[in-house]
Amino acid sequence: YPPAAALALVWVHWLEGGALAAVWVCLTGLVAAVCATALHRRAGASAGLAFVLLLGSAAGHSNIRFGQVSIFVFALCLVDVCLVPRRYRGLLTGLAAALKLTPILFLVYFLCRRRWRNLANATAALLASMAAGAVFLPTDTLRYLRSGLWSVSTVSHWDSLGNQSLRGVMARLGFSDPWIATAIGAVLVAAVLGWIASGGVRRELSEWTLVGLATIVVSPISWT
């Protein structure tokens with residue numbers, strides 16, 4: 001995770017184990033409710049059903065059980081497309097990418113769709129968050145940019161069922177060479193963005209869904 005994520009989570013050091021667990025569960029439920037409301041307003045989905053599905057999903061379950069931040073990152077991107085006025089869209093997505101790099105593919109999406117204001121907003125939010133990390137955590141930021149950004153050597157079980165990325169699937173099929181998954185992922189991303197850029201997808205929320213799914217698939221590690 002980028003150092004900016006540490007700044008966003010610095011408050012966890014002020015709470016004891018039980019209190020932190022309770023706050024985390026409440027935050028997860030609150031964010032799931034916000035996501036359900038966003039889906040209801042934008043797509044007309046049942047807010048109650050969306051809330052249950054979000055918390056009952058593998059991502060929602062792991063967010064509570066293991067203290068993951070996936071649902072928070074998802075919420076930032078979803079609220080950005082569903083509730084934020086178009087002229088300010090991209091700011092929350094850029095912030096999400098600063099907390100966890102996975103959503104950075106949305107910046108490429110803005111580029112392909114020629115949404116220059118949204119691209120500028122996302123880039124500004126990402127750079128501002130990185131700058132904040134550099135100011136408050138200069139050593140960690142430098143270490144992250146030098147090695148942490150590119151290193152996945154700490155992962156020892158690529159073939160774990162919890163890894164839902166393309167690389168994880170390939171590892172479970174017996175293909176250990178990461179370049180195979182990288183090549184397939186590049187083709188997949190190009191196909192998705194090309195389809196969107198050509199106007200093949202008619203709804204903006206559907207575009208965001210496809211890009212979001214692509215980010216999970218092509219990321220080296222996508223824990224449920």
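In which loop does R114 lie? R114 sits in the loop between α7 and α8 (116–136), where helices and strands are DSSP runs (H or I of at least four residues for helices, E of at least two for strands), numbered from the N terminus. The model is predicted, and local features need pLDDT of at least 70, side-chain atom pairs count only at pLDDT 80 or more, and totals for chains, interfaces and linings use all residues. Residues are numbered from 1 along each chain as its sequence is written, and side-chain values use heavy atoms, with hydrogens and water left out.

**Start at R114**

Select R114, which comes just after α7 and takes a positive phi of about 60°, although it is not a glycine. Most residues other than glycine have a negative phi. The residue is exposed, with a relative accessible area of 65%; here buried means under 20% relative accessible area, exposed over 50%, and partly exposed in between, with a 1.4 Å probe and protein chains only.

**Step back into helix α7**

Now select L105, F106, L107, Y109 and F110, the buried residues of α7.

A pair of aromatic rings is described by the distance of the centres and the angle of the planes. The structure holds 7 aromatic pairs, in which rings of Phe, Tyr and Trp (its six-membered ring) have centres within 6.5 Å, and planes under 30 degrees apart count as stacked, over 60 as edge-to-face and the rest as tilted. Select Y109 and W208, which form an edge-to-face pair at 6.1 Å centre to centre, with 80° between the planes. Because Y109 lies in helix α7 (residues 105–112) and W208 in helix α12 (residues 204–218), this pair ties together parts that are 99 residues apart in sequence. Y109 counts as buried at 0% relative accessibility, and W208 is buried as well, with a relative accessible area of 5%.

**From α12 to α11**

Two packed helices are described by the angle between their axes and the distance between the axes. Show helix α11 (residues 178–197) beside α12: their axes come within 10 Å and cross at roughly 175°, the axes being lines fitted to C-alpha atoms over the stretch in contact, with angles from 0 to 180 degrees between N-to-C directions. The two helices are therefore roughly antiparallel (over 145 degrees; under 35 is roughly parallel, 65 to 115 roughly perpendicular and the rest oblique).

To see the contact, select G185, L188, V189, V192, L193, W195 and I196 in α11, which meet E207, L210, V211, V217 and V218 in α12. These residues divide into 10 nonpolar, 1 polar and 1 charged, where Ala, Val, Leu, Ile, Met, Phe, Trp, Tyr, Cys and Pro count as nonpolar, Asp, Glu, Lys and Arg as charged, and the others, Gly among them, as polar.

**Last stop: cysteines**

The count of disulfides (a pair of cysteine sulfur atoms within 2.5 Å) comes to 0. For C26, the nearest cysteine sulfur, that of C35, is 16 Å away, and C26 is exposed, with a relative accessible area of 56%. For C35, the nearest cysteine sulfur is that of C82, 8.8 Å away, and C35 is buried, with a relative accessible area of 0%.

Note on methods. Contact means heavy atoms within 4.5 Å.
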